[in-house]
Amino acid sequence: MILRERHLFGPGPSNAYPEATLGLAAPLLGHLDPEFIRVMDETSDMLRTVWGTENKRTLPISATGSAGMEAAFVNTVHEGDVVVVAVNGLFGQRMVDVATRCGADVIAVEHEWGQPVDVQRVIDAHPDPAIIAAVHAETSTGVRSDIEALGAAKGDALLIADCVTSIGGIELKADAWGIDVGYAGTQKCLGVAPGLAPFTINDRAFDRRVDRPRSWYLDLGMLGGYVGEAEGKGQRTYHHTAPVAMVASLHAGLTRILDEGLDAVIARHHDAGRMLQDGLQEMGLELFAAEGWRLPELTTVKVPEGVDSAAVRKDLLNRFDLEIGAGAGEYAASVWRIGLMGHNARPDAAALVLAALKDALGRAR
Ligand code: PLP
């Protein structure tokens, strides 16, 4: 077995809390064992807290965040529905692709990357869409968008929100903000390994769902037995074999977060991000995301003129065992993405990135 400890400050894994990593090593339970069902029920309860929802249909889907996205669209898009998607980065683009494959008549409202979603433009895009969709925290650009304002203006449309990079890191209030369907990932601010998609859907969206969606696995109508909805808590019928180790790990990560206190965890992300962003600017670097909309958990910074982005990242990896992310899409070589999420949302992690980057840049120039 190769075990090499790295400091991973990219946009994805591993931001794992030690408790979540240990959770992976817990003795494996049968997926219909009453003890596992208790773990699953508690996990769903804790997910309701981090989502800010009372939705009974709140569960970790057994697949990555992209499956959460697929589940959201495949269950709600009826053939020919008008779906307005706010696109201000890679994951908005992915929503367009997924919604199109589900048979939607998609209106993509394009934005300049690095800018937040313009709520009025999205609302004005169509008088009566079936669905409005947007990314709360665009991991490709480091930008937050105002989901609350979208929810307030959505009218009769369903609101689908991608909360992969926001959940457990910044304020998120699914019910109060009018999110009808939300999906997330475990590998970002929740500080758990990748592999599950925390998901929530309210009654309004569930009642409008597609009867027999094209996906069998992600058909939410069939998950009742899996989440104990049909029979009440504590009982399950077989739908698929739950990834028991991942659910145990998510349970441990959520317990860790709620023990610390969700508000305290959010404040910790805020403080670490602020320290990093202030420090980068003090080094003379320019941030990419629009001011006022910068995510604390994912900082985007412009690669200085004349500096080879890939060479600096390689140097950081080789000499400091430290990984930062490249930019996304056309910004691959001109932007770095630095994640301080979950366990990494700490001042010592911010200080380490700043010191290492300063050193690497000193060599590169
Ligand atoms: N949406 C956002 C905002 C993301 O950042 C990601 C992954 O980074 C996804 C969706 C897709 O999640 P996954 O890679 O877990 O499938």
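Buried residues are those under 20% relative accessible area, exposed ones those over 50%, and partly exposed ones those in between, with a 1.4 Å probe and protein chains only. Helices (H or I, at least four residues) and strands (E, at least two) are DSSP runs, numbered from the N terminus. The model is predicted: local features need pLDDT of at least 70, side-chain atom pairs count only at pLDDT 80 or more, and totals for chains, interfaces and linings use all residues. Residues are numbered from 1 along each chain as its sequence is written, and side-chain values use heavy atoms, with hydrogens and water left out.

The protein contains 13 helices and 13 strands. Along the principal axes, the C-alpha atoms fill a box of roughly 60 × 55 × 35 Å. Of the 365 residues, 57% count as buried. Contact is defined as heavy atoms within 4.5 Å. Among contacts with a separation of 6 or more, 70% link residues 24 or more positions apart.

The accessible surface of the protein comes to about 15,000 Å², and 51% of this belongs to carbon and sulfur atoms. Accessible areas come from the Shrake-Rupley method with a 1.4 Å probe; for residues, only the protein chains shown count as cover. There are 33 positive and 49 negative side chains. The centres of the two sets lie 4 Å apart. Lys and Arg count as positive and Asp and Glu as negative, while His and the chain ends are not counted. Each charge is placed at NZ of Lys, CZ of Arg, CG of Asp or CD of Glu.

Strand 5 spans residues 131-135. Five of its five residues are buried, so strand 5 is largely enclosed by the rest of the structure. Ile131, Ala133 and Val135 cover one side, and Ile132 and Ala134 the other; all are buried. Strands count as paired if DSSP finds at least two bridges between them. Strand 5 runs parallel to strand 3 (residues 82-87), and three bridges join them. Here Val84 stands opposite Ile132. Strand 5 also pairs with strand 8 (residues 158-162), again in the parallel sense, over five bridges. Ala134 has Ala161 in strand 8 as its bridge partner.

Met95 lies in helix 4 (residues 90-101). Its relative accessibility is 0%, so Met95 counts as buried. Neighbours within four places in sequence aside, Met95 is in contact with Met69, Phe73, Val85, Ala133, Ala134, Val135, Ile160, Asp162 and Tyr183. Of these, Ala133, Ala134 and Val135 are buried residues of strand 5. From Met95 to Ala108, 13 residues apart in sequence, the C-alpha distance is 9.4 Å.

Glu138 belongs to strand 6 (residues 137-138). Residues up to four places away in sequence aside, Glu138 touches Asn88, Gly89, Leu90, Phe91, Gly92, Val143 and Leu295. Leu90 is 48 residues from Glu138 along the chain, and their C-alpha atoms are separated by 7.7 Å.

Strand 2 (residues 57-61) is mostly covered, with five of its five residues buried. Arg57, Leu59 and Ile61 lie on one side, Thr58 and Pro60 on the other. Strand 2 pairs with strand 10 (residues 197-201) in the antiparallel sense, over five bridges. Phe199 in strand 10 is the bridge partner of Leu59.

In strand 11, four of the five residues are buried. Strand 11 runs antiparallel to strand 13 (residues 335-339), and five bridges join the two. Thr300 has Arg337 in strand 13 as its bridge partner.

Asp308 is found in the loop between strand 11 (298-302) and helix 12 (309-320). At 48% relative accessibility, Asp308 counts as partly exposed. The C-alpha atoms of Asp308 and Leu361 are separated by 9.7 Å, although the two are 53 residues apart along the chain. Asp321 is found in the loop between helix 12 and strand 12 (322-326). Asp321 is not a glycine, yet its phi is positive, at about 55°. Most residues other than glycine have a negative phi.
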